[in-house]
Amino acid sequence: SSTLPRVKPNVLLITLDQFRGDCLSSAGHKVVRTPYLDELARNGVRFANHYSQAAPCSPGRASLYTGLYQMNHRVCANGTPLDDRFDNVARMSLRAGYEPTIFGYTDQGVDPRTTTSADDERLSSYQHVLPGFDRILNLSEPYPPWLANLKRHGYDMGDDYNGALSTEPDRHEDLSISHFLTDEFFAWLTKRDASIHAPWFTHLSYLRPHPPYAAAGKWSREYSPDEVDLPITPCETRHPFHEAVMHSGNNAAPKTEPELRKMRAQYYGMISEVDFQVGRICEKLRERDEWQNTLIMITADHGDQLGDHGLKDKLGFFESSYHIIGIVRDPNNPQAHGKVVNEFTENVDIMPTIAEAIDVPVPLQCDGMPLGEFLRGETPERWRDGASYEFDWRHIYIDDNPGGAAKNWPHDGRLERQHLAVRRKRDCAYVQFGDGSWLAFDLASDPTWRTTFDDPQRVLPLAQEMLLWRSHHTERTLTGMLLENGGIGRWPEGVAWRNQK
């Protein structure tokens, strides 16, 4: 008897920009309330120790979309081009027969080797769409469709997109950029031809809770500054990098307690609003009878310091910038629903997980592993025992000045020294800086990342582990095959005649 082909699911990938992993009431947060995300976690699997691989937006998203660590995809800053040779979630879904769509933004810059003109406007901005996606709603800066919607409702902000975001508390929450994105997604779902039964693949990329720290409408009043918790204070002895960014205009936290409380209250308000949007989406899927055939994955590109260690925004080595939300609902495995996974999981695992769900091979480039065993309620035989992430600030030194680092390559190697890598374990963390300095944190005795140690017997194994992490994740696309007997081993995708055998 013939076997019916497996019905592929809808795939809904949701990113909540800058969403810290601890900001869920289901994760034990004492202030923030996230009823809809908590409900989704009860109807899926929550990954309690889920990490981004890089910051800020472009590097973090490059890891999410390609399954690669920063040391391999090499998107080092907002503005670094993404190498066009890399596979990504959109291209992979195209091969699986989907027509991938995006609402929002992906912050991925064009590979200049694919352009044909020096006047190509993509050479002046990184805010372009990931290759393979059909962008239905463009909410890259300056968010033109949202500003047009505000104007239709009597709020003419011109092109002042930052002003529009900063004044969200002054307008009704239904006019927010998050509400607008959800409405546009619903409109697209409604317009889909009812005769088309093919599954869809959609990425909803929400800006919030990204700064400015200004929640929309009633959400700006959801939390009183008096009730919020205060951040982790910086330690007295600091690495020179920490000292420098603590006094940076862009990354220094507010200096007074009222300012800190206001910032955190507004951030929590933005958390609650995107939580509400997730609730709207889940309800819509139920109304459309698509709840039981839609794989939902919720994550972030990175976290937010939110005043911790004297810093705001996202940068550096503290895990406030990298520990992020991670929730996956696989409707085909209800036996695992409600499970909380405490193993270390990473955004590089998202692409392999989608590959497994839509029944295509995990691309050989991927550094991550499918989360499918966790989603089925199983215990993997082999899994990582720590999380890894990186931060790079070489962009500060990139310019076209006659004496600049770009002009003096290869004699000027300063760009290659402006970075750090972190290996986060259960009871400790190791930070390696590109200038040769390092830090080791004792997280067993002090989970706030304020206590360091320098015992060689403890530090050396951590440094060696980071070396092994790098050696185990060097580029592998062609390394698993040999040119023998017509080609043996792991063949890369894209060899047409091989695929026809």
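Two strands count as paired here if DSSP finds at least two bridges between them. Keep that in mind as you look around this model, which is a predicted one.

Let's start with the sheet. Five strands, in the order E3-E11-E12-E13-E14, make up an open sheet, and their pairing is mixed. At the edges sit strand E3 (54-55) and strand E14 (438-442), each of which pairs on one side only. Now zoom in on the E3 edge. Strand E11, which covers residues 387-392, pairs with E3 in the parallel sense, over 2 bridges. If you'd like to find one of these pairings by residue, go to Ala54: its bridge partner in E11 is Glu390.

Next, move over to a pair of helices. Helix H1 spans residues 35-42 and helix H9 spans residues 257-287; their axes come within 7 Å and cross at roughly 50°. Because of that angle, H1 counts as oblique to H9. So who does the touching? On the H1 side, the contact is made by Pro35, Tyr36, Leu37, Glu39 and Leu40, while H9 brings in Asp275, Phe276, Val278, Gly279, Cys282 and Arg286. Sort these by class and you get 7 nonpolar, 1 polar and 3 charged residues.

Is Gln277 buried or exposed? Its relative accessible area is 1%, so Gln277 is buried, the cut-off for that being under 20%. And what surrounds it? Leaving aside neighbours within four places in sequence, Gln277 is in contact with Ser178, His179, Thr182 and Tyr206.

Note on methods: Residues are numbered from 1 along each chain as its sequence is written. This is a predicted model: local features need pLDDT of at least 70, side-chain atom pairs count only at pLDDT 80 or more; totals for chains, interfaces and linings use all residues. Side-chain values use heavy atoms; hydrogens and water are left out. Helices (H or I, at least four residues) and strands (E, at least two) are DSSP runs, numbered from the N terminus. Axes are lines fitted to C-alpha atoms, for helices over the stretch in contact, and angles run from 0 to 180 degrees between N-to-C directions. Angles under 35 degrees count as roughly parallel, over 145 as roughly antiparallel, 65 to 115 as roughly perpendicular and the rest as oblique. Contact means heavy atoms within 4.5 Å. Ala, Val, Leu, Ile, Met, Phe, Trp, Tyr, Cys and Pro count as nonpolar, Asp, Glu, Lys and Arg as charged, and the others, Gly among them, as polar. Buried means under 20% relative accessible area, exposed over 50%, partly exposed in between (1.4 Å probe, protein chains only).
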